[in-house]
Amino acid sequence: MTEEAAADRIVEEELDRAQRRPSRPLLFLDVDGPLNPYAAQPERRPAGWPTLRIPRPDAVFGELRGNRRHLRLWLYPDHGQPLLRLGYELCWATTWMAEANRTIAPVLGLPDLPFVDFGGALLRERPDGVHWKTGPLVDFAAGRPFAWVDDEQSELDHAYVNAHHDGPWLLHHVNPRIGLRENDFLALADFAASPAVRQGLGTGGTPRSTR
């Protein structure tokens, strides 16, 4: 191979890697808490959040929610478009897993989204106190910048992500009594546009957190 051909091959390989490199950070979305403010009292549910009652998807929840045949959900239909405009690749990070695309996404006007399949880790408490979602989410991200919105994160989860994830990250807690609000969207938008995330998507050599 001539030097010119070798140089051309290197350029082609770099272009191929650039094309395959993700252009947006991940946004891991929990359902119950951020999108469904389940902890609100019925008389105090957020204004504009209609009450939905759906048949319980036993394939997902089994007996986790008692013997009720229907689930009560409060979902805000106008959440979908602002989420899509944030500049992330959205990904379900919820007990609902694939069922979120059948039940939650249509109400919010979202397309089918990828989801994290928690497999045997689903709802299995860890002896170190780290949330059962945290390890699978870090594995799924595989160094890619990500934000995770949930109502059950703790400092143990922050420490785990800091130790095991090489790219920028944001663990954003949402109050399950009120769900996602404007300040939450602003925090997520700021993270997605931060220099660390931009650098992480371009080179991967970044600080571990922008916090």
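Let's start where two helices touch. Thr-134, Gly-135 and Val-138 in H6 meet Asp-157, Tyr-160, Val-161 and His-164 in H7. Contact here means heavy atoms within 4.5 Å. Helices (H or I, at least four residues) and strands (E, at least two) are DSSP runs, numbered from the N terminus. The residues of this contact split into three nonpolar, three polar and one charged. Ala, Val, Leu, Ile, Met, Phe, Trp, Tyr, Cys and Pro count as nonpolar, Asp, Glu, Lys and Arg as charged, and the others, Gly among them, as polar.

A word on the source. This is a predicted model: local features need pLDDT of at least 70, side-chain atom pairs count only at pLDDT 80 or more, and totals for chains, interfaces and linings use all residues. Residues are numbered from 1 along each chain as its sequence is written, and side-chain values use heavy atoms, with hydrogens and water left out.

Back to the pair. The axes of H6 (residues 134–141) and H7 (residues 155–164) come within 10 Å and cross at roughly 30 degrees. Axes are lines fitted to C-alpha atoms, for helices over the stretch in contact, and angles run from 0 to 180 degrees between N-to-C directions. H6 and H7 are therefore roughly parallel (under 35 degrees).

Now the sheet. Four strands form an open sheet, ordered S4-S1-S5-S6, with parallel pairing. Two strands pair if DSSP finds at least two bridges between them. S4 (89–92) and S6 (169–173) are the edges, each with a single partner strand, so one side of each lacks a neighbour in the sheet. S5 (residues 146–150) and S6 pair over five bridges. Asp-150 has His-173 in S6 as its bridge partner.

Terms used
Angles under 35 degrees count as roughly parallel, over 145 as roughly antiparallel, 65 to 115 as roughly perpendicular and the rest as oblique.
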